[in-house]
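Here is a short briefing on a ligand site and a few backbone details. Please have the structure open while you read.

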Amino acid sequence: MHARTFAPAVGLVDGILYGGDYNPEQWSPSTWKEDIGLMKEAGVNLVTLGVFSWAILEPSEGEYDFSRMDILMELLSAGGIKVDLATGTAAQPAWASVAYTDIAPMDERGMRFSHGSRQSYCPNSPSYLRLSRALVEALGKRYAAHPALALWHVNNEVACHLQACTCDTCAALFRKWLASRYGGLERLNEAWGTAFWSQRYSSWEEIVPPRVSTASLNPAARLDYRRFMSDSFLDLVRGEAGILRRVSPGIPITTNLMWTDGADWFRLDGVVDALAYDSYPDPSEKESWRWAAYMFDLTRGHLGGKPWLLMEQAPSQVNWRPLNAAKKPGLMRLWSSQALAHGSDSVLFFQWRASVRGSEQFHSAMLPHAGASSRRHAEVKAFGMELARLSGKNGSLPGLAGSVVSARAALINSYDSWWFSQYRPFPTDAYDYQRFVRDWHDSLSRLHVPVDIISPRDSLDGYGLVLAPALFLADEELLSRLGSFVKDGGTLATGIGAAMVDEEGKVRTGGYGGQLARLCGIHIQEYDVETPRGGVTAGGYPVHAWFDLIEAAKETEVLAFYEGGSWLAGFAAATKAKAGKGNAYWLGTRAESSYLDAFMADCLAAAGIEGLVAAGPDIEACVRLTASGEELLFVMNHGEGEGRARPVTKGWKLVHGPGVIDEGEELALTPLTFAVLSRRA
Ligand code: GAL
């Protein structure tokens, strides 16, 4: 069970944080006062400043100019608006790229990226690290004691545009990283299986990053390179955070992530105080809100369940998709409430004032091109006012900031499995690790069951149900912990090629899945993959992508067989076994919701876990627990029609929202609205 710390993500601000990225360098100082006046009217209490200010703060090497930043910090302070001050290191000035050629990152073809965009730096470049850390130190010292400063914002979306660099600096550091991991070349040769294709290394210098070659590269080497790059990005954050801790003690530190597999972000626990996420589900995509729900739970999970920050979302459309749909009225408010429901202590946007020039001139903003009297701004303002009424000392939900999500179900997210399944030697491109994990999360969402997303290293204590879909790569230690969890009475559901390889990427022989398969009372000799002909079913329902061909032991219950004309018929697709005091399920394939939800309901029943509400799939329900022992049940209607929801437990009272609870204790919600119920836990 995730720790319950009950500390607001940013203790220096009262209640839920509301505001967004503020990029005043794009505007003349004459707009700044107007901005701050309008922010106050809109209930803004925090802005993120300086994300892309490096070139202005340091117009030439070592010459800092903080004059504009000083004025802005004063103006914001006088306006009672706190600042999330960015270190500005996400985009180095052009002079730096020109002066120091080691800064430009290199792709797999050995091509250097040019400057002229953003994040065009190698995370290991000595020049980039020297210059960026000097800036962080200068900023940190200058503003550490400023009354407006509430939070430090390290870099911005680290590893969003660039997940790996293959330059010679990285190559040299990779060799060192390998030497410390493996001790000697003999061990490395064994771990990488270099007996294959004459790949044996006889000196460290022969080892290169994964650059394009004639055919597929060594999978274990690729996996290690992803781990090395992950450590590089984490070190970048750690480096900036370390400086800030030294020169600006007591100020919390965050960093914001976007959807990216650039690093194992669970390892940020202890590096930053609060983790932030930038959420951009596509309003034109069906049920994209469920993807957001997954990412919110993942963000919370990265820091062991602490309240997190919604650092960015678009008030309406973005500008970087091929097709950028606007958010219809009400959607921004609903999706904001969804972040709160999943444990965020903030609702922040990109960005305050809409740009008129530059790459994001068509991105929506809190203050749109149409100005303060626009419909869009009115919606932003109304929600700001609503949040002020809701949170804070005198609000109707005073304990919301700092409250935690408590879940009895956990879903394992393994970056190693994700990375390993991305490259060619893998048997099918259709093995989409994140898609499979999200499928299972989506199912819990449809069944209204809260879930924590945990790392393979996290404790399983306190959970009744652990889900480990597609855990392709797993070490023996994790497998035995899963075994003990089940034998002690827990319910485990796993499958889709789980545990096929160990932490070095080596295949387990004598039946896929090793001890995990034995725990589940099954034997897997073979798998198959979906071909364009498709048509495979299990238990009468279509299944896709990957098929574990399961032979069930005598005592193991088969929940579904593959069937149809295919040669797979007769093998089990889903099974359930008793092990010790618990249950172990295996689902060997990607099932559509029609089957997956029934499978999940079975697992939940075995674990004794109920959904929060009885309602249709367009209704989302989440619960937060406050420090004073109050449960806050968020019920959201993502559907186009009226939605009804009945809490499965008694004693709830409606504390926020337009819904009504009738005598049967059923909540009725108009489309795209939410309500909050509360009761003593
Ligand atoms: C984020 C980024 C912001 C802005 C935004 C636009 O990825 O952090 O700076 O570019 O996207 O949607």
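A polar contact here is a pair of N or O atoms within 3.5 Å; within protein, one must be able to donate a hydrogen and the other to accept it, and residues adjacent in sequence count only if both atoms are side-chain atoms. This is a predicted model, in which local features need pLDDT of at least 70, side-chain atom pairs count only at pLDDT 80 or more, and totals for chains, interfaces and linings use all residues. Residues are numbered from 1 along each chain as its sequence is written, and side-chain values use heavy atoms, with hydrogens and water left out.

**Ligand contacts**

- An oxygen atom of the ligand lies 2.4 Å from an N or O atom in the side chain of Glu157.
- For the side chain of Asn156, the distance from a ligand oxygen to an N or O atom is 2.8 Å, and for that of Arg118 it is 2.9 Å.
- Of the 310 Å² of accessible area that the ligand has on its own, the protein covers 98% (Shrake-Rupley method, 1.4 Å probe).

**Ligand surroundings**

- Residues around the ligand (a heavy atom within 4 Å) include Phe52, Met258, Trp320, Phe350 and His363.

**Backbone details**

- Most residues other than glycine have a negative phi, and most peptide bonds are trans.
- Asn155, which is not a glycine, has a positive phi of about 50°.
- Phe350 and Gln351 are joined by a cis peptide bond, with omega about -5°.
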